[in-house]
Amino acid sequence: MTATVWITVGGLCVVTAAIKAFGPLAFGGRELPSVLARVIPLLAPALLTALVITETFGTDHRSLVIDARAGGVAVAGVAIARRWPLPVVILLAAGTTAALRALT
Amino acid sequence: MSSGLRAGLPYGLASLLLGFSFGVLARPVMGPVAAIVMSVIVFAGSAQFAALAVLSAGGGAAAAIVAGALLNLRFVPMGIAIAPSLRGRSLGRALRGQALVDASWALANRGAGRFDIPFLLGSTLAQYPGWVLGTVLGVAAGGVIGNPDTFGLDAIFPAFFLGLLAAELRRPGARAVSALGAAIAIVLTPVAPAGLPIVAAALAATLGLRR
């Protein structure tokens, strides 16, 4: 187990560094082709939406569920719409989720 | 950079809580030292949780690395996006690319394809200590608090991404992209390995080609 753990830590470190270096090395310091320049600004809404969905409804075994997290994220959505500060938003999300779990 | 540091502080607090959660969950599987070293040298929350999930299920190192790498693949499009804003030698660009994390990337986005790189570095600098310190505290407290999900810590990540998304939706064309990205993620989650649905959702950005 120990070897497996350390190989995972070292391997993921190297792979992550390579992934993060790819864009800056391959496309760094020059203007993007116009096709990419139209697509890139829209990556943020696409990726963030997918992250919200997978982190709210995803499980460890390829399925989607509605559980206490959905309640916490819904309350966070209301707080965000009212432009409350982010630390308040995330604490509300955690608190609501914890309360729902305690009740069910 | 100092404005990035200030903007990153609330995210540093979020990183502290998430790192705590990681430390608690990782200690029984990986041992205290490896859990902390992982946060210090990998510094990628969702990838670390994914690799940990594979190890807890009894999976091997290769499967754990692939799971983590899939979740990190989103840094390829993010890295391409910041590339035009990065000047200088390739080694310096590659090193500054290491500062890529979701919140810093979204916060440093100035629109029209430009990114404020010093701001991005400052924002990440505010989050890194939170992630590492949180992991250390989680490893230390692990035996005492039990499952961190009891405290709803797993809802922090999506709430945090929702906050970043809300700001992005004000950009022209963003709502249609978000809706298509959601559809791709929902359809692929039951059939594809974790991480792939997120990367595939990036394809929704090609709606930008219509204009």
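In this predicted model, 90 residues of chain B are in contact with 69 residues of chain A. On the chain B side, helix H9 (residues 156-168) gives the most, with 12 residues. That side of chain B has 61 nonpolar, 21 polar and eight charged residues.

**Core**

- The largest nonpolar core has 106 residues.
- Within this core, A:Ala93 and B:Ile156 have the most contacts.
- Helix H1 of chain B (residues 2-30) gives the most to the core, with 11 residues.

**Around A:Ala93**

- Neighbours within four places in sequence are left aside here.

**Around B:Val42**

- B:Val42 is in the loop between helix H2 (32-41) and helix H3 (45-56) of chain B.
- Is B:Val42 buried or exposed? B:Val42 counts as buried, because it has 24 C-beta neighbours inside 10 Å and the cut-off for buried is 20 or more.
- Which residues does B:Val42 touch, not counting those up to four places away in sequence? In chain A they are A:Val9, A:Leu12, A:Cys13 and A:Thr16. In chain B they are B:Ala47 and B:Gln48.
- B:Val42 and B:Gln98 are 56 residues apart along the chain. Their C-alpha atoms are separated by 9.9 Å.

**Chain A: fold and dimensions**

- Chain A has five helices and zero strands.
- Its elements run α-α-α-α-α from the N terminus on.
- The radius of gyration of chain A is 19 Å. The globule rule gives 13 Å for 104 residues, so chain A is more spread out than a compact globule.
- The C-alpha trace of chain A spans about 50 × 45 × 25 Å along its principal axes.

**Chain A: burial and contacts**

- Of the 104 residues in chain A, 47% are buried.
- Take the contacts in chain A with a separation of 6 or more. Residues 24 or more positions apart account for 28% of these.

Terms used. Residues are numbered from 1 along each chain as its sequence is written. Chains are lettered from A and ligands numbered from 1 in the order in which they are written. This is a predicted model: local features need pLDDT of at least 70, side-chain atom pairs count only at pLDDT 80 or more; totals for chains, interfaces and linings use all residues. A nonpolar core is a set of buried Ala, Val, Leu, Ile, Met, Phe, Trp, Tyr and Cys residues joined through C-beta atoms within 7 Å. A residue is buried if 20 or more other C-beta atoms lie within 10 Å of its own, exposed if 12 or fewer, and partly exposed in between; C-beta atoms are placed from the backbone. Helices (H or I, at least four residues) and strands (E, at least two) are DSSP runs, numbered from the N terminus. Two residues are in contact if their C-beta atoms, placed from the backbone, lie within 7 Å. Ala, Val, Leu, Ile, Met, Phe, Trp, Tyr, Cys and Pro count as nonpolar, Asp, Glu, Lys and Arg as charged, and the others, Gly among them, as polar. The radius of gyration is taken over C-alpha atoms; the globule rule is 2.2 Å times the number of residues to the power 0.38.
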